[in-house]
Amino acid sequence: MSFADDKITRTKILELDGYEHLVKIAQGELPQGPFQELLDIQIEKVERGELTLKSRPTSRFYNPYGVAHGGYASSLLDTAMGCAVQTICPIGYGSTTLELKVNLVKAITDKAGELTIKGTVLHAGKTTATSEATIVDAAGNLFAHSSCTCLKIKLQN
């Protein structure tokens, strides 16, 4: 299912809490965002306060030096952390990143194979939440880790 910026899709999203919204994306009942499609992200697991994504690095994410651009890893981490926060948002609310800290610890290339990106909520306040995320390969090798602060926002139709 591809993203459609239409009133029906927006209305459906506004009727669900964040957890239900992400479950429906994972099940293919609702579209993911265009940016997630661009990064070839798939939701693997959704729990309240936690989310696991998969992505496979390819040369299209490379910088001129033959490794994935830091923005690729940062975007994967930001998506996992933001979606983890989304799982705790009530009906009619979403979240947006206020602050992001990323540590790139190992170069990512297509040789890494499928990557697992896990985001976990650390603190859930009334208006803000903090979360952390990691990127590992199938062998458990750490490529990057991060933390962020998200603002909970009222969604508009």
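A: Let us begin with pairing: two strands are said to pair if DSSP finds at least two bridges between them. Please keep in mind that this is a predicted model.

Q: What makes strands E1 and E2 a pair, and how do they run?
A: Strand E1 (residues 42-47) is joined to E2 by 5 bridges, and since at least two are needed, the two strands count as paired; they run antiparallel. Within this arrangement, Val46 stands opposite Leu51 in E2.

Q: How many residues lie between E1 and E2 in the hairpin?
A: The hairpin formed by E1 and E2 has 2 residues between the strands, and Gly49, which sits in the turn, has a positive phi of about 85°.

Q: Why is Glu50 called buried?
A: The relative accessibility of Glu50 is 18%, and buried means under 20%, so Glu50 counts as buried. Glu50 belongs to strand E2, which covers residues 50-55, and, leaving aside residues up to four places away in sequence, it touches Lys45, Ala84, Thr87, Lys118, Gly119 and Thr120.

Q: How do you know that the radius of gyration of the chain agrees with that of a compact globule?
A: For 157 residues, a compact globule would have a radius of gyration near 15 Å, and the chain has 15 Å, so the two agree. Of these 157 residues, 42% count as buried.

Q: Which elements make up the secondary structure of the chain?
A: The chain has 4 helices and 6 strands, and from the N terminus on their order is α-α-α-β-β-α-β-β-β-β.

Definitions and conventions:
Residues are numbered from 1 along each chain as its sequence is written. This is a predicted model: local features need pLDDT of at least 70, side-chain atom pairs count only at pLDDT 80 or more; totals for chains, interfaces and linings use all residues. Side-chain values use heavy atoms; hydrogens and water are left out. Buried means under 20% relative accessible area, exposed over 50%, partly exposed in between (1.4 Å probe, protein chains only). Contact means heavy atoms within 4.5 Å. The radius of gyration is taken over C-alpha atoms; the globule rule is 2.2 Å times the number of residues to the power 0.38.
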